[in-house]
Amino acid sequence: MWGRSASFLLDKRLRDQHPSLSSPSSSSPDSTMDPNPNPNHGVSAYYQTRAEHHAIVSSDWLAQAQAAVDREDDTALMERPHASAAVSLSASKPFSVIDEFNYWRKKPDLAEAVAAIMALAAVIRSCEATTMMELEIELKKASDTLKSWDTTSISLSAGCDLFMRYVTRTSAVEYEDFHAAKLRLIERGEKFGEISMKARRTIAMLGQDFVFDGCTILVHGFSRVVLEVLKLAASNRKLFRIFCTEGRPDKTGLRLSKELAALGVPVKLLIDSAVAYAMDEVDMVFVGADGVVESGGIINMMGTYQTALVAHSMNKPVYVAAESYKFARLYPLDQKDLEPALHPIDFGVPIPSGVEVETSARDYTPPQYLTLLFTDLGVLTPSVVSDELIQLYL
Amino acid sequence: MDNRRPPRTVSDPKVRQVGFVTPGAAPPARYLSEAPTAAAASSPPSGDTAPPAISTSPVMIPPPRHSPSAPLAVPNPSRRDSLQIQVGGYNPPEVLLESPPLTSPSSRMDDAVSQFSEDPSISPCNGRSEAAKVASSFPGSSGEMMVMKAGIVGGGSNTPKSSWTTASVAKTRPGISEKERGAVVGMQNDGAGVSKTLKEKTTKAERRALQEAQRSAKAAAKESGAGVKLSAAPGGAVPANTKQGKVVKPPAQKKDGPQVANPSVSSEKKVVDRPPEKDRKKDVPPPRMQFDDIHRVEKAKRRAVVYQFEAKNRVELFRHLPQYIHGTQLPDLETKFFQLDPMHPSVYKVGLQYLSGNISGGNARCIAMLLAFREAIRDYSTPPEKALVRDLTAKISSYVSFLIECRPLSISMGNAIRFLKNRIAKLPDTMPESEVKSSLQSDIDRFINEKIVIADKVIIRHAVTKIRDGDVLLTYGLSCVVEMLLVYAHEVGKQFRVVIVDSRPKLEGQVLLHRLVAKGINCTYTHVNAISYIMHEVTLVFLGAASVLSNGTVYSRVGTACVAMVANAFRVPVLICCEAYKFHERVQLDSICSNELGDPDVISKVPGRKDLNHLDNRADIENLQLLNLTYDATPSDFVSMIITDYGMLPPSSVPVIVREYRRENLWI
């Protein structure tokens, strides 16, 4: 199978010559010193997450981002070396959940939802409430603030909701003492944050088992989890090749192919409309997810649905890598049942007048087209997502 | 090629086992227990232990065997042991001798034991310990076993049923039980208690003998009546049969005297509870009466309150379901109104309403039943020398069996009954009667309020978020939740149109149509024949359900499956609105094994069409069978979403809700 492509053989040789390329890169994600070369490493996390969720990466944005990084990168990181700084900070000026959120978000490898979770954990810590009810109300307010910060982000609101459930579900009533209860909440909050931070690595370890030697994987969209899975598989000396879709309009496929090529994995770029053409050669499809909904389906970058449809019709497995904090209590019935996340499309040529452009950035893939979900809760079938959500929310 | 690498694994990634365990504690544990298979149901990670004993029986739960006084029985295990030895000793000959139509020996034994241990008449006062009860009831039950054997061996006739109910066998009983008693007494060398149990035993055995004789007499009378019925036309047979039944019954009860009359009735009622009791023990699927089992039908008929005539030309595939000639029960029942003293009038009223079809629909029937029970509990007073928990459970069971005779239970009612019996079983022994009654009444109120009224509101809130302006909503028949939803959506100001699909013979959709049009909602009315035509313009299908089963199958008014299938073919989302209390852990794959048969007359006759008289004399046509099914099962593939009070779920998540709901129910 893997002898089919000449580039693949070439790569194998290359890799044998440079074993350093396939050195284990599974560093702990919470250490900011990630060895893998991130092309946008210098970019402020703000623009990076914006790019994630609105899928806009343009040159001027990058320039802005660079400027922003130069201005505040050092100061921000110096000012708050660790979350404990938040406590001292709250003494000097009123604590703001958005500030805390932004602080966490600037960490290059941290997803928006994890940043929100860490910020909420900090809210509990710095909260001056004296009763459980007050604390809960304050936490709710903070979570609402975070959610309203970006209403289109599913993972952000899902992360906030899950944190609220996970933390406040503990039977705090049984603690006589408020401080004991609060400590318990803090503990749970931090534990949840820790789980979320580790999620990507867990998923990578679960998912890489599914990559077998000589397989061809089609990847649609840029997802850090998928990249992590592929990285780990590559570092485990598995031989595979990647087909990357171009990922119009923001060319996420280019970014992914760049990262993978740096790892020494053979990559082929396809235009988005070549998915069906290439599907014959493909052994499995890997996608990430913006959000995993209650039906077990996913909401992801535009084009995931058609990729999954094609794969399903050709009996190829479709694997989704998604952290459990992306599980949202949504249940879209069809594509129009989502809150649209719009972004403009640059066609390169002026659009004729009177012509409409579909600017939605994501679509919904129903569960029957997905094979398995790799999550930090384990490898799940789509129907288990709802079970997990019920257990969490009921 | 690189020979360091292992050859390519051929295993499909889909089925490959992931043998990975993360160092972190919580996620891997969850993964190991839940991820590999979807059978998460078997491994609840939160460590919830739903007591399996109570909750396995699906439709109705029998009275708990010895829950209230269980702690009392614990310090005396030796007697239990002796009892079990005895059971084991009696089983083998039974197995050899028993004829196939009878129920299995072990279950029969269980029934006998349970029946007697439950029988309130045995325990002299509620202060008696469980052990004493078991001991006292034991000889009687084994005596019965002996009688059965004797009957089967000695009689050897073709009708085993009648062979052991004959009076002669009943007469031999006391002697046998005397012997048995000797054996038992020898076995448990309990000096003090024995003399007491001995005395009781004699009276008990006598009473049993008496009952046995009455029963056989009654059976004989019935059988002769049945012979008449078969030959005569149904209409003519009604008075004769009922008269006979009545003539036999009252004197028999009078003979017993006031105190014994009650146990005889309650023991008769308890027979109804046998199947669930036994099934719970053996952990087998629901105890549904199979109406093609002649012997059991005969037995059931003998203790039936409502006299029903079986339909003549029954559809072969549905012989296991009760098929009666409609309209025959009502007058009979009405005449009995003042004679049925064990039945509370409110229960009686509800039964009549079921029978006449005045109350229909899962929620309405359930609420009516619960309110009737509530009234019955209000008027209830514990008879002397009886334990409230047991007597009340028996009472409720007798009401339930009466209601079943009027119309088979809906699953919603079954769940509500289970809830109520659970509540009764959980009552503390020490609670005074007035308090018990008020707490049960408030429990019933709470059930109606939380599980039905508020649940409906929550469902509507959820469902209305799925209605967008410009939608065309299709609904089938009449579902009260869907009706409330449409009205609410209209009130909220959504712009939509409704297509009401209806079907003969009930034409329930017209009721909905009438109400919606009165509210000013834009409606289209059509029959199910036009479903494929009308489905083109529909954007959402909202359906109600009688029950949702744990494989996601939706059990609903007949025709629903057809609508859902067409909608699925047209890629229109199908949304099922169903309260969580109607969920059931049963799995059903077709509409045959469990269903309800309606009156075949209503499909053979079209009201207002005198010219359509081709089937007027259908009773005479031997090779014509009419089938009027009431429910059908919609496979989960056709269902996009189930909206419950717990939110919007895929059909695959029903088992989770069933599990959670049951646990919650036990907590209440």
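**A buried isoleucine and its surroundings**

At 1% relative accessibility, I396(B) counts as buried; the term buried means under 20% relative accessible area, whereas exposed means over 50% and partly exposed lies in between, with a 1.4 Å probe and protein chains only. The structure is a predicted model in which local features need pLDDT of at least 70 and side-chain atom pairs count only at pLDDT 80 or more, while totals for chains, interfaces and linings use all residues. Residues are numbered from 1 along each chain as its sequence is written, chains are lettered from A and ligands numbered from 1 in the order in which they are written, and side-chain values use heavy atoms, with hydrogens and water left out.

I396(B) belongs to helix α15 of chain B. Helices (H or I, at least four residues) and strands (E, at least two) are DSSP runs, numbered from the N terminus. Leaving aside residues up to four places away in sequence, I396(B) touches F373(B), L420(B), K421(B) and I424(B), where contact means heavy atoms within 4.5 Å. Between I396(B) and L420(B) there are 24 residues in sequence and 9.0 Å in space, from C-alpha to C-alpha.

A nonpolar core is a set of buried Ala, Val, Leu, Ile, Met, Phe, Trp, Tyr and Cys residues joined through side-chain atoms within 4.5 Å. The largest one has 76 residues, and F373(B), L474(B), M535(B) and V541(B) are those with the most contacts inside it. Helix α15 (residues 388-406) of chain B gives the most to this core, with 9 residues. Both domain 1 (326-450) and domain 2 (466-595 + 630-667) of chain B give residues to this core, so it lies between them; the domain bounds come from an automatic or database domain assignment. Apart from this core lies another, of 67 residues, among them L110(A), L146(A), V285(A) and Y305(A).

Chain B as a whole has 23 helices and 11 strands. Of its 668 residues, 53% are buried. Among the contacts in chain B with a separation of 6 or more, 78% are between residues 24 or more positions apart. One of the strands, β6 (residues 554-557) of chain B, contains S556(B). S556(B) is buried as well, with a relative accessible area of 6%. Beyond four places in sequence, S556(B) touches G544(B), A545(B), A546(B), T630(B), Y631(B) and D632(B).

Three strands form an open sheet in the order β5-β6-β8 (chain A), with antiparallel pairing; two strands pair if DSSP finds at least two bridges between them. Strands β5 (291-292) and β8 (362-365) of chain A stand at the edges, each with a single partner strand, so one side of each is left without a neighbour in the sheet. Strand β6 (residues 298-301) of chain A pairs with β8(A) over 4 bridges, and T365(A) in β8(A) is the bridge partner of I298(A). Two bridges join β5(A) to β6(A), where V292(A) stands opposite I298(A). The hairpin of β5(A) and β6(A) has 5 residues between the strands, and G296(A) takes a positive phi near 100 degrees there.

Confidence in chain A remains to be considered. The predictor's confidence in each residue is its pLDDT, from 0 to 100. Chain A averages a pLDDT of 75, and 73% of the residues score at least 70. The value stays under 50 over residues 1-15 of chain A and also over residues 53-62 of chain A. Where pLDDT is low, the predicted coordinates should not be read in detail.
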